[in-house]
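Welcome! Here is a short briefing on a protein structure for you to explore. Take a look at it first, and then follow the notes below.

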Amino acid sequence: MSAQTESTEKTLYDYQLEDLGKIFKCLEESPDDINLLYQLPTGGGKTVVFSEIARRYIRQTGKKVVVLTHRIELSLQTSRMLSGFGVNNKIINSEVKELDESDDYECYVAMVETLNNRLQEKAITLEGVGLVIIDEAHYNSFRKLFKYFEKSVILGVTATPLSSNIKLPMKDHYKKLIVGESIASLIEKKFLAKANLYNYDVSLKSLKLGISGDYTVKSSDALYGNQQMLGKLVGAYEELAKGTKTLIFNNGISTSKYVYETFKRAGYPIRHLDNKNSASERREILDWFANTPDAILTSVSILTTGFDEPSVETIILNRATRSLTLYFQMIGRGSRILKDKEEFTVIDLGNNIARFGPWDAPVDWQEIFHFPDFYLENIRNDEEIEREFVYEMPAELREKFGRSSDIDFDVKEEYKKIFAQGKKSKLVLEKSIEQHARICVENSEDVFDARILARELRDEIEYRIKQYSYCIMNNTKNYRDWLQEDYERRLRLKISQLFAARM
């Protein structure tokens, strides 16, 4: 299957031209078999840049170029882009069993596995290839092909120069990293939309790490598939994203299906997508998503690369990850700019913003590339993140306590006072319960209203219990669950006592 060759004039932005200059200068000064890595954020136009690199390289050297991708959709997108730059290219897919020696293609676009199979079978030989461009180079599946191109320049392109396998650092395969424009700079220059970040406190104690270094699907499904977390997700959507085009990322198919059912029951327009959907189902779902203004799409990692829907207004991270690459990829899906879209919303339900920092914060990619072990060892752990989390009552809920002048209570400060006085630590919770009961009573007409209000304090109660358990250094889940149950029972009792005293 060949892509139609039609040379249309393509305009590159200043920062892209600057990066091209750096890359070609490096190629001129280096041997003909150097392995280079180029970093540019998601949405910065990597495909545009490497298509122009291919065009210029072919023109300057007369040698051929191979572009490697890991997904069929990316191959098609890349082929179209190359054609737009006037690069005569051919896709090597599963239907291509051999190449005609008389073909006049300057460039081949191939999926890793397909090309690896053809080269192993010796069904095709790629002669005269001077440059191999690897899209999404942080994936390790590409490395098996390096041996076939030992005399060629290899240019890896990625938004995150950190290997997907901690045991195979990228610095072992690439000599030099060229860093492109930063996310903050692309936002400032109006090439990317600004992310408004919101994070909710989530206890990740029950999550387990797998051999890949990230949280397992099984433990994620158990946490994010439970009713409390599903309720928190819907609440966050209703508070911050209702009526916007929303993309929800999950770690497991079960969780995504629970999310689908939960939102559907609540009357919201939602579809579910995972890698088991056929190509035609996927097309139909993505068309529906593109054409439905308030559509919600819940998915499992399948849309982290090769998916471009600029009308996305909200990204919900309904999962935790320890992968910096995945973090940037998920948020990047909302960063495309449109005429009437300069901002988008990110709702984090996995402590990811606290773990990696804000999406547009400066990142020292050179340090991460050269010292990946040091970076990975110093990713913030979940307990530290949870200890530092500060609960803020949502504005809507705060309004319901409008008659109360003081609705805050600092568990840590109260514990310090009580500890200094040599009193029992349980006094902290008693004071907290009294304060919660008082504000519920102050803002209710009767005991029933007050108890309904008390139920809405569940997130704040959970936060206070967590803070208290850190203070007394007993932070097991069972103990916290018991404390919360006991707290809520005693709060109901205290509310009844306060109303009885009024009478």
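Lys-22 sits in helix H1, which covers residues 14–29; helices are DSSP runs of H or I with at least four residues, numbered from the N terminus. This is a predicted model, where local features need pLDDT of at least 70, side-chain atom pairs count only at pLDDT 80 or more, and totals for chains, interfaces and linings use all residues. Residues are numbered from 1 along each chain as its sequence is written, and side-chain values use heavy atoms, leaving out hydrogens and water.

**Lys-22**
- Lys-22 counts as partly exposed because its relative accessibility is 35%, where buried means under 20% relative accessible area, exposed over 50%, and partly exposed in between (1.4 Å probe, protein chains only).
- Lys-22 touches Ile-178 and Val-179, leaving aside residues up to four places away in sequence; contact means heavy atoms within 4.5 Å.
- Between Lys-22 and Val-179 there are 9.5 Å in space, C-alpha to C-alpha, although they are 157 residues apart in sequence.

**Lys-466**
- Lys-466 belongs to helix H19, residues 458–471.
- With a relative accessible area of 1%, Lys-466 is buried.
- Its contacts, not counting residues up to four places away in sequence, are Asp-201, Val-202, Ser-203, Glu-386 and Arg-480.
- Lys-466 and Tyr-148 are 318 residues apart in sequence and 56 Å apart in space, C-alpha to C-alpha.

**Helix H7**
- The buried residues of H7 include Met-229, Leu-230 and Lys-232.

Definitions and conventions: Helix = DSSP H or I, 4+ residues; strand = E, 2+ residues; numbered from the N terminus.
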